[in-house]
Amino acid sequence: MHMLKNARLQKAIFLFIVVAPAFAAYVLFTLYPNALSIYYSFLEWDGIGAKTFVGWDNYVRLFHDPFILRALGHNLILLVTVIPITLVISLVLADLLINRAFKENSFYKVLYFFPNVLSLVVIALVWSFIYDGTFGLLNGILRVLGLGGEHNWLGSKGTALLSMIPLYVWCYAGFYVVIFMNAMRGIPKSLYESATLDGITHMQRFSKITLPLLSGVIRVGVIFLMLSVIKGFEYMFIMTQGGPGGATDVISLYMFNFAFGSLNLGQHIYGYASTIGMMIFVLLVGLKLILDKFFAKDSIEY
């Protein structure tokens with residue numbers, strides 16, 4: 001009995017030593033800042049001076065701010081374009097690399113994943129050069145093809161936001177190619193062999209076997225892409241600063257500008273920025289709940 005108590009005590013001590021540092025870091029760097037954001041959302045504060053409690057004023061301002069809807073509209077455009085395009089390209093490329101014995105498969109995998117090892121600044125500068133209105137690569141190709149090639153892609157309200165879509169897809173697709181390839185390798189070959197004996201085509205095999213068995217992985221991919229599109233603003237910040245005329249201003253960039261003084265003549269408005277952050281949190285939770293309606297939570301066993 002005494003030995004059993006000692007064993008339980010040793011197990012408890014071991015678990016505490018293993019879990020406590022990670023839990024402390026989670027509380028310190030995740031839970032505590034989020035709790036502070038809720039508190040700051042009820043304040044008028046510049047991040048340095050005295051705090052003034054304003055109650056629900058920041059939330060009232062939020063619902064009357066016309067630029068919030070504009071920024072959310074831009075996020076919605078990115079959501080309905082970047083996520084499906086990225087998933088379709090990633091699934092098709094992963095399926096080709098798994099089921100086609102290309103000699104260059106290893107090279108292709110490295111090539112597709114390459115954007116993920118580059119820094120955000122490098123990627124933004126490369127695509128800024130591609131879209132440059134005078135010396136850009138895209139305009140150069142269009143001139144060679146006789147299709148004009150004098151358009152200022154990032155300087156026009158009509159094309160600035162749409163120009164971000166290929167950038168996002170290029171950055172994200174390679175990562176999900178690797179994810180989907182690993183998931184496809186886990187599907188038993190016997191399922192494919194039985195389907196082949198039944199005479200189904202490759203497209204039918206992909207749609208009726210591969211996709212249903214990857215539904216759980218696809219669901220996770222949609223969630224992470226959704227988070228990246230809504231929370232990400234770095235490319236807009238580096239390439240356009242939200243312009244021209246707010247054409248690429250997304251909700252996270254709008255929040256960042258209030259928090260760090262890019263708007264309002266250099267003033268820092270942490271209170272209102274925290275309120276926008278709370279709205280983003282509620283938006284993400286709502287989208288997650290909607291997503292659960294379309295994807296089965298239980299993974300398919302095989």
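**Helix packing around α3**

Okay, let's start with a crossing: α3 goes past α7 in a right-handed sense. Before I go on, keep in mind that this is a predicted model.

So, the geometry of that pair. Helix α3 covers residues 66–99 and helix α7 covers residues 160–185. Their axes sit 6 Å apart, and the packing angle is about 40°. Angles under 35 degrees would count as roughly parallel, and α3 and α7 are therefore oblique to each other. What is the contact of α3 with α7 made of? Its residues split into 22 nonpolar, 4 polar and 2 charged.

Now to the other partner, α13, which runs over residues 270–294. Here the angle with α3 is about 35°, and the axes are 13 Å apart. Again we have a right-handed crossing, this time of α3 past α13. Who touches whom? From α3 you get Ile-68, Leu-72 and Leu-79, and from α13 you get Tyr-272, Ile-276, Met-279, Leu-283 and Leu-287. That contact of α3 with α13 has 8 nonpolar residues, with no polar and no charged ones.

Last stop, α12, residues 251–260. How many of its 10 residues are buried? That would be 7, so to speak mostly covered. The buried ones are Ile-251, Ser-252, Leu-253, Tyr-254, Asn-257, Phe-258 and Ala-259. And what do the buried residues of α12 pack against? We find α3 and α13 again, along with α2 (57–63), α10 (215–231) and α11 (234–239).

Technical notes
Residues numbered from 1 in each chain as written. Predicted model: local features only at pLDDT ≥ 70, side-chain atom pairs only at ≥ 80, totals over all residues. Heavy atoms only, no water. Axes fitted to C-alpha atoms, helices over the stretch in contact; angles between N-to-C directions. Helix = DSSP H or I, 4+ residues; strand = E, 2+ residues; numbered from the N terminus. Parallel < 35°, antiparallel > 145°, perpendicular 65-115°, else oblique. Left-handed = near helix turned anticlockwise from the far one by under 90°. Nonpolar A, V, L, I, M, F, W, Y, C, P; charged D, E, K, R; others polar. Buried < 20%, exposed > 50% of the residue type's maximum accessible area, 1.4 Å probe, protein only. Contact = heavy atoms within 4.5 Å.
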